[in-house]
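Okay, thanks everyone, let me get going. I'd like to walk you through the core and then the ligand site.

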Amino acid sequence: MSDAIRPQPGILDIALYQGGKTQIAGVANAVKLSSNENPFGPPDRAKEAYLRAVHSLHRYPSTDHAELREAIAEVHGLDPDRVICGVGSDEILQLIAQAYAGPRDEVIFTEHGFLMYRICALAAGATPVQVAERERVTDVDAILRACNTRTRIVFVANPNNPTGTMIAPAEVARLAAGLPRQAILVLDGAYAEYVEGFDAGLALIEDRTNVVMTRTFSKIYGLGGLRIGWGYGPQAIIDVLNRVRQPFNLSTAQIDTAIAAVRDQDWVAKCRAENSRMRAWLAGALAEMGVPSDVSAANFILARFASADEAEACDAFLQSQGLIVRRVAGYNLPHCLRITVGDEASCRRVAHAVAQFKGAR
Ligand SMILES: *Cc1c(COP(=O)(O)O)cnc(C)c1O
């Protein structure tokens with residue numbers, strides 16, 4: 001290939017996203033606790049809606065997602081005109097970066113922030129800026145200190161992945177208020193539904209012009225395989241994102257399944273309660289074995305080991321027991337393992353295996 005043919009600056013700096021491992025060689029029924037999936041899957045009504053979509057495969061889908069936006073707006077008390085739907089919340093993150101950041105602009109995220117933020121920044125030609133956290137918690141002052149006239153976007157997940165920690169609404173508000181005029185605060189609410197009574201920043205969005213929220217059907221709704229997400233923000237920003245969004249980004253199956261899922265808030269409440277119960281149990285069991293974790297607000301636990309070597313050895317032992325968890329060295333946490341809160345049987349299996357591992361050392 002001619003070396004005159006080159007991608008845009010930044011693209012070759014993107015490291016390919018590594019998803020959670022899905023299989024262990026030679027193990028048939030491995031338990032997958034590596035991608036923060038809902039062990040109970042989606043509600044039945046969502047599965048039924050997906051099956052019905054087979055009858056309209058020859059039709060183009062809706063371009064404006066009006067029905068889905070209305071369902072989301074109704075459930076959350078929002079203005080449907082300010083909801084945008086995407087192929088996972090990843091697409092919304094990407095649209096924001098594409099529309100608002102470019103060469104010489106800076107995009108801020110935190111030390112243990114979601115890997116997609118760096119990818120979106122680089123793909124847009126912007127400069128990723130990584131800011132320190134304080135003991136695995138988003139540090140608003142550090143972010144504000146990192147801001148300058150080139151800052152265009154600040155990505156913060158609340159609760160954060162892979163730490164599971166959260167910052168209080170007052171801290172989020174202080175961050176939004178302290179940003180330079182040209183910067184947008186993107187609140188990634190992928191795990192918001194796991195926090196009882198949490199508005200994920202909606203009140204702040206109503207108050208201000210510089211805050212956007214992203215949400216997903218991949219986590220508590222159990223639809224990671226279908227790829228549906230949404231965003232909410234000021235009308236001016238949503239209008240911009242809709243200009244760059246592909247008109248047919250979501251299929252009819254995605255749209256109809258998401259409508260059925262979002263309307264089943266009993267399912268969401270049930271999954272949230274079960275997650276809280278098993279998360280507390282698992283964190284307690286691990287702590288008793290000398291494996292501490294920060295209080296998690298999400299559907300996973302970030303288990304801390306004495307060293308990177310111990311975390312790696314534990315991961316290898318868990319795999320030998322048919323258990324897949326997530327190594328997070330790529331998130332600057334080489335001494336940790338992120339363990340999704342599975343159903344009760346999976347939680348018991350993983351706790352038992354970690355106990356065996358610790359006992360054998
Ligand atoms: C899982 C996750 C998402 C969801 O991504 P989708 O594209 O909606 O599947 C977004 N942000 C964070 C921090 C996540 O952990």
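So, a definition to begin with: a nonpolar core is a set of buried Ala, Val, Leu, Ile, Met, Phe, Trp, Tyr and Cys residues joined through side-chain atoms within 4.5 Å, where buried means under 20% relative accessible area (1.4 Å probe, protein chains only). Before the numbers: this is a predicted model, local features need pLDDT of at least 70, side-chain atom pairs count only at pLDDT 80 or more, and totals for chains, interfaces and linings use all residues. Residues are numbered from 1 along each chain as its sequence is written, and side-chain values use heavy atoms, with hydrogens and water left out.

The largest one has 59 residues, and Leu68, Ile72, Leu185, Phe217 and Trp230 touch the most other members. Helix H9, residues 252–262, is the top contributor with six residues (helices are DSSP runs of H or I, at least four residues, numbered from the N terminus). Both domain 1 (11–41 + 266–360) and domain 2 (44–264) put in at least three residues each, with bounds from an automatic or database domain assignment.

Now, the ligand. Which helix gives the largest share of the shell around it? That's H3, residues 88–100, with three residues. Polar contacts here are pairs of N or O atoms within 3.5 Å. Ser89 has a backbone N or O atom 2.6 Å from a ligand oxygen, and a polar side-chain atom of Ser218 also sits 2.6 Å from a ligand oxygen. For Lys219, a side-chain N or O atom is 3.3 Å from an oxygen of the ligand.

Conventions:
A polar contact is a pair of N or O atoms within 3.5 Å; within protein, one must be able to donate a hydrogen and the other to accept it, and residues adjacent in sequence count only if both atoms are side-chain atoms. Helices (H or I, at least four residues) and strands (E, at least two) are DSSP runs, numbered from the N terminus. Buried means under 20% relative accessible area, exposed over 50%, partly exposed in between (1.4 Å probe, protein chains only).
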